[in-house]
Amino acid sequence: VQRVGFGWHPDPDASVRIFDLASGALTKKLAGESFRFSDDGTRLLVLGSDEAALYDAASYKKLRSWPGVDSEVSLDHSGRFVLVKTHERPPGGMGPHETKERFVEELQSRRRVIKLNGPDGHFAFDEKGSRFAFAAEKESSVEGAHEITIYDLASGKVSSTLRQGEPLNRLAFLGGDKILAVWTNTGSLVLHRQSDGRRVTLFAVAEAEACRLFAVDEEAHFQG
């Protein structure tokens, strides 16, 4: 029996190219493999195999960089914070990359506001840059309730903790930071109101070409 090993090697010449739409001319080439713009379009985040870098979108001046193998960086909506996840290669360079560290950083001060330990998970920033929610991944509800931790970004402290019985696959803040929406693997949408902790679960039922919505709260009160 012969064994064949497979190793992935990044392209050292990979680049993100910026073109002028009017002339079609190449205006800038930055080292990296993927990119995304900030919500307001003023900054450009470029992800590479050995570094993630944040640039001014007008001058292409490098504002910040995070070295590491396939570092993952996500900008918040306000442009003030980033979630950073760095990796390291396993011994011998074979196999999946291992998570080195994961943290939320305030860009202006470069202060690490929140340090996240444990397994990967789902996260959400609110629109104002005031709250951050994180829920570690679990394979099934057999492992117990899923815990969602909400942090105050100014202090980095935990402001509240929510428990979700079903496995989830997405988080998002709605109405600024007033409501945390949780999408579950079973297809339901759970809304957590931050002011009083009230929770309702939304269900959608197809009816011909229409869709009817129903809401059920924790006391089984029904609205539809």
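This report describes strands, a nonpolar core and salt bridges in a predicted model.

The model is predicted, so local features require pLDDT of at least 70 and side-chain atom pairs count only at pLDDT 80 or more, while totals for chains, interfaces and linings use all residues. Residues are numbered from 1 along each chain as its sequence is written, and side-chain values use heavy atoms, with hydrogens and water left out.

Strands here are DSSP runs of E with at least two residues, numbered from the N terminus. Two strands are taken to pair if DSSP finds at least two bridges between them. Strand β4 spans residues 43–47, and five of its five residues are buried; buried denotes under 20% relative accessible area, exposed over 50%, and partly exposed the range in between, with a 1.4 Å probe and protein chains only. Both faces of β4 are covered, with Arg43, Leu45 and Leu47 buried on one side and Leu44 and Val46 buried on the other.

Strand β3 (residues 34–37) pairs with β4 in the antiparallel sense over four bridges. Within this pairing, Phe37 has Leu44 of β4 as its bridge partner. The hairpin of β3 and β4 has five residues between the strands, and there Gly41 takes a positive phi near 75 degrees. Strand β5 (residues 51–56) is also antiparallel to β4, and five bridges connect the two. Leu44 stands opposite Tyr55 in β5. The hairpin from β4 to β5 passes through three residues.

**The sheet β11-β12-β13-β14**

An open sheet is formed by four strands in the order β11-β12-β13-β14, with antiparallel pairing. Because β11 (121–125) and β14 (158–164) stand at the edges and each has a single partner strand, one side of each is left without a neighbour in the sheet. On average, neighbouring strands of this sheet are turned by 15 degrees against each other, direction ignored; the axes are lines fitted to C-alpha atoms, and angles run from 0 to 180 degrees between N-to-C directions. Strand β13 (residues 146–152) runs antiparallel to β14 and is joined to β14 by six bridges. Thr149 has Thr161 of β14 as its bridge partner.

**The largest nonpolar core**

A nonpolar core is a set of buried Ala, Val, Leu, Ile, Met, Phe, Trp, Tyr and Cys residues joined through side-chain atoms within 4.5 Å. The largest such core has 12 residues: Ala124, Ala133, Ala135, Ile148, Ile150, Leu162, Leu168, Leu171, Phe173, Leu180, Val182 and Val190. Two or more residues each come from β12 (131–136), β13, β15 (168–174) and β16 (179–184). The most is given by β15, with three residues.

Contacts, defined as heavy atoms within 4.5 Å, illustrate the surroundings of single residues. Leaving aside residues up to four places away in sequence, Ile148 touches Ala133, Phe134, Ala135, Ser160, Thr161, Leu162, Gln164, Leu168, Leu171, Leu180 and Val182. His192 lies in strand β17 (residues 189–193) and counts as buried because its relative accessibility is 3%. Not counting residues up to four places away in sequence, the contacts of His192 are Leu162, Gln164, Lys178, Ile179, Leu180, Val182, Arg198 and Arg199.

**Salt bridges**

Side chains of opposite charge can pair when their charged atoms come close. With a salt bridge defined as a side-chain nitrogen of Lys or Arg within 4 Å of a carboxyl oxygen of Asp or Glu, the count comes to 10 salt bridges. The table includes some of these pairs.

| Asp120 | Arg102 | 2.7 Å |

Asp120 is partly exposed at 26% relative accessibility, whereas Arg102 is buried with a relative accessible area of 4%.

Glu147 counts as partly exposed at 40% relative accessibility.
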